[in-house]
Amino acid sequence: MKALAWMGKNKVEMIEVSKPKIMEPRDVILKITGSTVCGSDLHLLHGTVVELQKGDILGHEFCGVVDEVGSEVTKFKKGQRVVASFQIACGDCYYCKQKLSSQCEKTNSNTIENAMYGGRTAGMFGYSHFTGGFAGGQSEYTRVPYGDVNLLPLPDDVPDEVGLYLSDVLCTSWHAVVDTGVKKGDVVAIWGAGPIGQMAADFSLINGASRVIMIDQNWRLEYVKERYPNIDTVDFSALKKGESVTSKLKEMCNNRGPDVSIECAAGEYAKGWAHYFEMMLGLETDTSELVNEMITSTRNFGRCGITGVYVGFTNHFNIGSLMERGIRLIGNGQAPVHLYWESLLKMIQDKQIDPLKMVSHRVRLEDLDKVYYKFEDKADGMQKVFVET
Ligand code: NAD
Ligand code: ZN
Ligand code: ZN
């Protein structure tokens, strides 16, 4: 079968590999019908996740049709349309029982993560050996462990092009909004106007925000202005002398700043691991500018959430601002998909949200390698892509 593999720093390739087989009785083999590329895949393309190995099959957002089920799978049978969660949960452990499935204690045995962070997160499809080394879904077939837990049936009125985004984007954006505590009347600022930021903006308004301001640059904001007319923007690439994102936001929000700020950009991710090692050698420089910008922009006793992916350690962190002004800084973590996907499916069916607004392109699996490079350059206004398989 065809699969998209990481082949070294900034290199991906379509390769031929054998079709996956049932390995455990709770496995499902999925025939993929749709997948997509995510901002997180760019972190992998750049090789910033050190546990990538050449030939690793990428892709953590996908949907498909059940092709084969293991002997202990009870909820699914061949031919059923489903979407997969990007994280692999066991369904039985301490966190899974509370549906905080991104923290499943069973599916990721990475010990570096345990030692560095004081605990580990769940296994993830197509996200290197850092998250368990599970093959991804940018391929014709994939193996889904604990199939009964990690697949959600897609009803007939929800096409693949829409249901696919329940695997990650919708759950991540909704979690960012709920977990950072957006409530009625709040002014919300969102850094990063990619798909995650766009849906977080939509969800903030659904949760009663009185105003949403998105911070990003040029074409991304053009895309937002066209499709989300109720949203204000700050273009960080077009600031005048003496202006900063913080000064603009204060000016727009009664000289105090937004009530809630959410980081959906992770513009400095690429420095993460390198900085961990630099810190160990005592050479560390500042990695937290974007997070500091968010903290200093937010009003006193406001809330800040981090959804963009960061790794490793950082210093030069504005702890004084947190203490003196009572800013609540919340790490949103990897979003627990299982907590939200059923209610989000209902929001789609009730037409409360339209995930298609963030989809800019449709391509075939065979062309996916080219899409990665275009996505990287943000060429052709490319953002969310539906990959037909
Ligand atoms: P994306 O790459 O499409 O968008 C990121 C946007 O951030 C870009 O438009 C970029 O121009 C903007 N940006 C970069 N630096 C900025 C800065 N200094 N100020 C303002 N904007 C800036 O990514 P996406 O798919 O929308 O994902 C966004 C982030 O969310 C990524 O880091 C991704 O890894 C992360 N993510 C987290 C989870 C989770 O569960 N926590 C899940 C999925 C994705
Ligand atoms: Zn993703
Ligand atoms: Zn578990």
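Colleague: Which residues in H9 meet which residues in H11?

Modeller: In this predicted model, Val245, Thr246 and Leu249 in H9 meet Glu293, Thr296 and Ser297 in H11. To meet is to be in contact, with C-beta atoms, placed from the backbone, within 7 Å. Local features need pLDDT of at least 70, side-chain atom pairs count only at pLDDT 80 or more, and totals for chains, interfaces and linings use all residues. Residues are numbered from 1 along each chain as its sequence is written, while chains are lettered from A and ligands numbered from 1 in the order in which they are written.

Colleague: Why are H9 and H11 called roughly parallel?

Modeller: Helix H9 (residues 245–252) and helix H11 (residues 289–297) pack at an angle of about 25°. Angles under 35 degrees count as roughly parallel, over 145 as roughly antiparallel, 65 to 115 as roughly perpendicular and the rest as oblique. H9 and H11 are therefore roughly parallel.

Colleague: What makes H6 roughly perpendicular to H13?

Modeller: The axes of helix H6 (residues 169–179) and helix H13 (residues 337–349) cross at roughly 105° and come within 9 Å. That angle makes H6 roughly perpendicular to H13. In this contact, Leu170, Cys171, Trp174 and His175 in H6 meet Val337, Tyr340, Trp341 and Leu344 in H13.

Colleague: Why does alanine 266 count as buried?

Modeller: A residue is buried if 20 or more other C-beta atoms lie within 10 Å of its own, exposed if 12 or fewer, and partly exposed in between. Alanine 266 has 24 C-beta neighbours inside 10 Å, so alanine 266 counts as buried. Alanine 266 lies in the loop between strand E14 (260–263) and helix H10 (272–280).

Technical notes: Axes are lines fitted to C-alpha atoms, for helices over the stretch in contact, and angles run from 0 to 180 degrees between N-to-C directions. Helices (H or I, at least four residues) and strands (E, at least two) are DSSP runs, numbered from the N terminus. Two residues are in contact if their C-beta atoms, placed from the backbone, lie within 7 Å.
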